[in-house]
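Take a look at the protein below.

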Amino acid sequence: QSDITYDQQYINGGWIPSEAGIASDGSCTYRPPLIAVTDSNNGRHYASVIAGTRQDTIKAIEAASAAFDSWSRTGLQERKGYVKAILEAYGKRKDEVTVALQHELGAPYKFANNVQ
């Protein structure tokens with residue numbers, strides 16, 4: 001698997017384009033720069049990720065801060081339900097995450113699978 005491109009960022013519960021590619025009227029003006037991810041096993045290009053801007057970072061921090069306020073008022077049982085749902089979704093993609101860790105860290109499959 002190679003040439004994977006993540007050209008959006010997950011902020012505030014959704015995948016959104018970088019501020020770098022958005023005009024003041026909200027339209028996408030161009031594709032912002034991407035950062036190459038190198039496969040640590042062989043030194044080859046494995047994937048590309050969006051080069052977020054300072055404004056993207058601020059947007060993510062503000063969203064996390066707002067989420068913390070409501071999360072801190074969420075009861076224990078409801079939190080447990082969310083964590084259980086996250087673990088179930090993760091479990092369905094564990095092999096995919098293992099392969100990604102192999103590429104990013106240069107780790108053998110068994111190690112990448114066990115350290116998650």
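Which residues line the second largest pocket? The lining is made up of Tyr10, Asn12, Gly13, Ala60, Ala63, Ala64 and Ala67.

First, some ground rules. This is a predicted model, in which local features need pLDDT of at least 70 and side-chain atom pairs count only at pLDDT 80 or more, while totals for chains, interfaces and linings use all residues. Residues are numbered from 1 along each chain as its sequence is written, and side-chain values use heavy atoms, with hydrogens and water left out.

**Overall layout**

The protein has four helices and five strands. Along the sequence they follow the pattern β-β-β-β-β-α-α-α-α. Helices (H or I, at least four residues) and strands (E, at least two) are DSSP runs, numbered from the N terminus. Of the 116 residues in the protein, 21% are buried. Buried means under 20% relative accessible area, exposed means over 50%, and partly exposed lies in between (1.4 Å probe, protein chains only). A contact means heavy atoms within 4.5 Å. Among contacts with a separation of 6 or more, 47% join residues 24 or more positions apart.

**The pockets**

Rolling a probe the size of a water molecule over the atoms shows where empty space is left. Here a 1 Å grid is laid over the protein atoms alone, and a pocket is an open set of points where a 1.4 Å probe fits, with protein on both sides within 12 Å along at least five of seven lines. Lining residues have an atom within 4 Å of a point. Grid points are joined across faces, edges and corners, and a volume is the space filled by probe spheres set on the points.

The largest pocket holds about 410 Å³ of space. It is lined by 15 residues, and the closest to its centre are Tyr6, Arg93, Glu96, Val97 and Ala100. Strand E1 (4–6), strand E5 (45–50), helix H2 (76–92) and helix H3 (94–105) each supply at least two lining residues. H3 gives the most, with four residues. By class, this lining has eleven nonpolar, one polar and three charged residues. Ala, Val, Leu, Ile, Met, Phe, Trp, Tyr, Cys and Pro count as nonpolar, Asp, Glu, Lys and Arg as charged, and the others, Gly among them, as polar.

The second largest pocket has a volume of about 180 Å³. Helix H1 (residues 54–72) gives the most to its lining, with four residues. Five residues of this lining are nonpolar, two are polar and none is charged.

Asn12, one of the lining residues, sits in the loop between strand E2 (9–11) and E3. Asn12 is exposed, at 66% relative accessible area. Its phi is near 55°, a positive value in a residue other than glycine.

**Aromatic pairs**

A pair of aromatic rings is described by the distance of the centres and the angle of the planes. Rings of Phe, Tyr and Trp (its six-membered ring) pair if their centres lie within 6.5 Å; planes under 30 degrees apart count as stacked, over 60 as edge-to-face and the rest as tilted. The count comes to two pairs.

| Pair | Centre distance | Plane angle | Type |
|---|---|---|---|
| Tyr10 and Trp15 | 5.2 Å | 65° | edge-to-face |
| Trp71 and Tyr82 | 5.9 Å | 50° | tilted |

Trp71 lies in helix H1 and Tyr82 in helix H2, so this pair ties together parts that are eleven residues apart in sequence. Trp71 is partly exposed at 33%, and Tyr82 is partly exposed at 43%. Tyr10 is exposed at 53%. Trp15 is exposed at 52%.

Is Gln9 buried or exposed? Gln9 is buried, because its relative accessibility is 15%. This residue belongs to strand E2. The side chain of Gln9 makes a polar contact with the side chain of Asp56 (3.2 Å). A polar contact is a pair of N or O atoms within 3.5 Å; within protein, one must be able to donate a hydrogen and the other to accept it, and residues adjacent in sequence count only if both atoms are side-chain atoms. The C-alpha atoms of Gln9 and Ile50 are separated by 7.3 Å, yet these residues are 41 apart along the chain.

Thr74 lies in the loop between H1 and H2. At 16% relative accessibility, Thr74 is buried. Its side chain reaches the backbone oxygen of Ser70 at 3.0 Å.
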